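Subject: Structure for you to look over

Dear colleague,

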Amino acid sequence: MDGEGELGVGALHEHRCVVVSISIPILDPVVQRKVEPGAPPPTARLAAMKVLAAAGIPVGVSISPIIPGLTEHAIPETLRVAREHGARWAWKIPLRLPGAV
């Protein structure tokens, strides 16, 4: 991603017509592949975040889903790294599982 290319982030910023939230539930690529098979790795999401932020696009991070015992311990690090890559806000949705799970 070159910052302009397919996304046209310069035009998006110029017209102030978009904000972006990128989901990064956990930075550990091994855990991430198990939780989100087929999804881009955290490094790719962080790189996209950095390009968007550098172009002036407001960007935030979703740390969802929060999976007790699996991802919750990594929240502070995920928030710190996302901020370093340009995130201005964060939000979450806790994972709610039925009692039998």
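Contact, as I use the word here, means heavy atoms within 4.5 Å. This is a predicted model, in which local features need pLDDT of at least 70 and side-chain atom pairs count only at pLDDT 80 or more, while totals for chains, interfaces and linings use all residues. Residues are numbered from 1 along each chain as its sequence is written, and side-chain values use heavy atoms, with hydrogens and water left out.

Overall architecture

The protein chain has 4 helices and 3 strands, which follow one another in the pattern α-β-α-α-β-α-β; helices (H or I, at least four residues) and strands (E, at least two) are DSSP runs, numbered from the N terminus. Of the 101 residues in the chain, 34% are buried, where buried means under 20% relative accessible area, exposed over 50%, and partly exposed in between (1.4 Å probe, protein chains only). Among the contacts with a separation of 6 or more, 71% are between residues 24 or more positions apart.

The sheet

The 3 strands make an open sheet with parallel pairing, in the order β1-β2-β3; two strands pair if DSSP finds at least two bridges between them. Because β1 (20–23) and β3 stand at the edges with a single partner strand each, one side of each is left without a neighbour in the sheet. The parallel strands β1 and β2 are joined by 4 bridges, and S23 has S62 of β2 as its bridge partner. On the other pairing, β2 and β3 share 2 bridges, with S62 opposite W91 in β3.

Setting aside neighbours within four places in sequence, V61 is in contact with I22, I24, M49, L79, A82, A87, W89, A90 and W91.

With 13 residues, α3 spans 18 Å from its first C-alpha to its last, close to the 18 Å expected at 1.5 Å a residue, the expected span being 1.5 Å times one less than the number of residues. Its buried residues are P42, R45, L46, A48, M49, V51 and L52, and the helix is followed by G56, whose phi is positive, near 90°.

In the loop between α2 (29–35) and α3 lies P40, which is partly exposed, with a relative accessible area of 45%. Leaving out residues within four places in sequence, P40 is in contact with Q32 and R45.

H85 is in the loop between α4 and β3 (90–91), and a polar atom of the H85 side chain is 2.9 Å from the backbone oxygen of V81. Not counting residues up to four places away in sequence, H85 touches L46, M49, K50 and A53.

Note on methods
Polar contact = N/O pair within 3.5 Å; in protein donor to acceptor, adjacent residues only side chain to side chain.
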